[in-house]
Amino acid sequence: MGNSRMNSQDWASYNSTHTAGKSRAQVFGSTSMKDAYNPALISVRESRDSAANPSSSPILLGCDVTGSMGMIAEQLMRTDLIKIAEGIYDRKPMPDPHIAVLAIGDAFSDRAPLQATQFEASITLADQMRELWLEGNGGGNGGESYSLAHLFAATKTVSDSVEKRGNKGVLITIGDEPIHDRIEGDDLARIMGAQFSKTMTKRQCVNLASQTYEVFHIVLANEGYASHGLQHVLRTWNEIMPQRVIQLTDVTKLSETIVSVLQVINGERKEDVAASWGSGSSMVVYEAIKDLQVAKRNKGVSRLA
């Protein structure tokens, strides 16, 4: 894992073979969750240094895949992951990115409310993403179980970034729904493994993740639930992570938004972030999180307290 680096040539070649002209169902062909991505069967996901990536930085991208939100995984697969990687390589807000993707659903209703790829730094990630099951269900119960991503990050990932350098990774979840207030112990045991038997609140989960990750959420303000209930969505998130919630009105600017988050928490000036992109999305990010009180930075990620 993480023994090579993403490049646009490999990504273009891969997409021409595996995604060009194909429907979402053809790109993501799984009709059930594969054991390889089942968190209950995963002991740990590792982000480790290598010759190609000597200062590895773990980045977790958690995508809501309920209802119509499968389009986010599809967009990442077709265009955005390589844009994110290249944006990090070019602008250097953090070194040697290792990216893992989490597919998020609803703990109360879905058969696969969480799936997790490995951390990767190369086109290998594309193969894993195509094996994720875009269940497309969701509970119709006023929220999704984004806290599963927080708990997975806190309990089932390890990195040299944290262990060797004391530098936090970055976890960004993406979706249109409110976050459920809690996840019941029975559901956690089923989804995450028998050792998770106690009900956990959304605040407990995000606090655990925040020990080793800078945690953010991107609300797709013009999509799905948020398009008619944005203030409620924002309220459920701001209760647990104020100044870490970003409203995105143009989903085509997702990759720009993610890299802008990394730039802002790396302490880049407003004008430098704006100059990187030449559009308004980066300024939305800047204004949302500019006042964050973060620890002293080292190569783009915060030092652990």
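Helix α3 crosses helix α10 in a right-handed manner, a crossing being right-handed if the near helix is turned clockwise from the far one by less than a right angle, and left-handed if anticlockwise. Helices are DSSP runs of H or I with at least four residues, numbered from the N terminus. The model is a predicted one, in which local features need pLDDT of at least 70 and side-chain atom pairs count only at pLDDT 80 or more, while totals for chains, interfaces and linings use all residues. Residues are numbered from 1 along each chain as its sequence is written, and side-chain values use heavy atoms, with hydrogens and water left out.

The axes of α3 (residues 70–91) and α10 come within 8 Å, at a crossing angle of roughly 35 degrees; axes are lines fitted to C-alpha atoms over the stretch in contact, and angles run from 0 to 180 degrees between N-to-C directions. Contact (heavy atoms within 4.5 Å) involves residues of α3 including I72, L76 and I84, and residues of α10 including L254, I258 and L262.

Helix α10 (residues 254–265) also packs with α11 (residues 270–277), at an angle of about 155 degrees and with the axes 10 Å apart. The two helices are therefore roughly antiparallel, a term for angles over 145 degrees. Their crossing is right-handed. On the α10 side E256, V259, S260, Q263 and V264 take part, and these meet V273, S276 and W277 of α11.

Elsewhere, R244 lies over the face of F216, at 5.1 Å from the ring centre; this requires CZ of Arg within 6 Å of the ring centre and within 35 degrees of the ring normal.

How values were computed
Angles under 35 degrees count as roughly parallel, over 145 as roughly antiparallel, 65 to 115 as roughly perpendicular and the rest as oblique.
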